[in-house]
Amino acid sequence: MYKEEPTATCQGLTMSLIANTPKPPYFAVIFTSTRTKDGHGYDAMSDKMVDLAQLQPGFLGLESAHESVGITVSYWADLASITHWKANVEHLNAQAMGHSSWYSSFKVRIAKVERDYGLSI
């Protein structure tokens, strides 16, 4: 029996909850954060950044989960693509808002994915 992969909708786009990445190697940017109580404008900016990231050369996918700690993993073809995304002016503005208003702490980790495997029922 085929079971459809769970999806989420962001700004009208439907995305798989688990990113469909190519064969390794590729890179992962792991953004772990805790939020302040000031969430004004956060959801709209987050959706805008997802939309913008999807347009960037080298973007492969995104996974995100939020409870008391938020974890967002974006996947990229190479380090140059990550560098270009980090330098994107709109992304820089979102980062500044995050630093000043939305995050009480965060950590960014960049890792090379050498192997992946999984299950899709």
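Contact here means heavy atoms within 4.5 Å. With that cut-off, and leaving aside neighbours within four places in sequence, tryptophan 85 is in contact with Met49, Leu52, Ala53, Gln56, Trp76 and His91.

A quick word on the ground rules. This is a predicted model, so local features need pLDDT of at least 70 and side-chain atom pairs count only at pLDDT 80 or more, while totals for chains, interfaces and linings use all residues. Residues are numbered from 1 along each chain as its sequence is written, and side-chain values use heavy atoms, with hydrogens and water left out.

**Strands**

Helices (H or I, at least four residues) and strands (E, at least two) are DSSP runs, numbered from the N terminus. Two strands pair if DSSP finds at least two bridges between them. Here are the pairings:

| Strands | Sense | Bridges | A facing pair |
|---|---|---|---|
| S3 and S5 (residues 70-76) | antiparallel | seven bridges | serine 33 and glycine 70 |
| S4 and S5 | antiparallel | seven bridges | glutamate 63 and valine 73 |

On its other pairing, S5 is joined to S4 by a hairpin through three residues. S5 is mostly covered, with six of its seven residues buried (under 20% relative accessible area; exposed is over 50%, partly exposed in between, using a 1.4 Å probe on protein chains only).

**Cores**

A nonpolar core is a set of buried Ala, Val, Leu, Ile, Met, Phe, Trp, Tyr and Cys residues joined through side-chain atoms within 4.5 Å. The largest one has 12 residues, including Phe27, Val29, Met49, Trp76 and Trp85. At least two residues each come from S3, helix H1 (42-54), strand S4 (59-66) and helix H2 (79-87), and H1 gives the most, with four. Apart from this core lies another, of six residues, among them Ala19, Ala28, Val73 and Val113.

**A pocket**

What lines the second largest pocket? There are 14 lining residues, of which Ile18, Ala19, Asn20, Thr21 and Glu63 lie nearest the centre. By class, that lining has six nonpolar, five polar and three charged residues, with Asp, Glu, Lys and Arg counted as charged, Ala, Val, Leu, Ile, Met, Phe, Trp, Tyr, Cys and Pro as nonpolar, and the others, Gly among them, as polar. A pocket is an open set of points on a 1 Å grid over the protein atoms alone, with protein on both sides within 12 Å along at least five of seven lines, and lining residues have an atom within 4 Å of a point.

Key
On a 1 Å grid over the protein atoms alone, a cavity is a set of points where a 1.4 Å probe fits but cannot get out, and a pocket is an open set with protein on both sides within 12 Å along at least five of seven lines; lining residues have an atom within 4 Å of a point.
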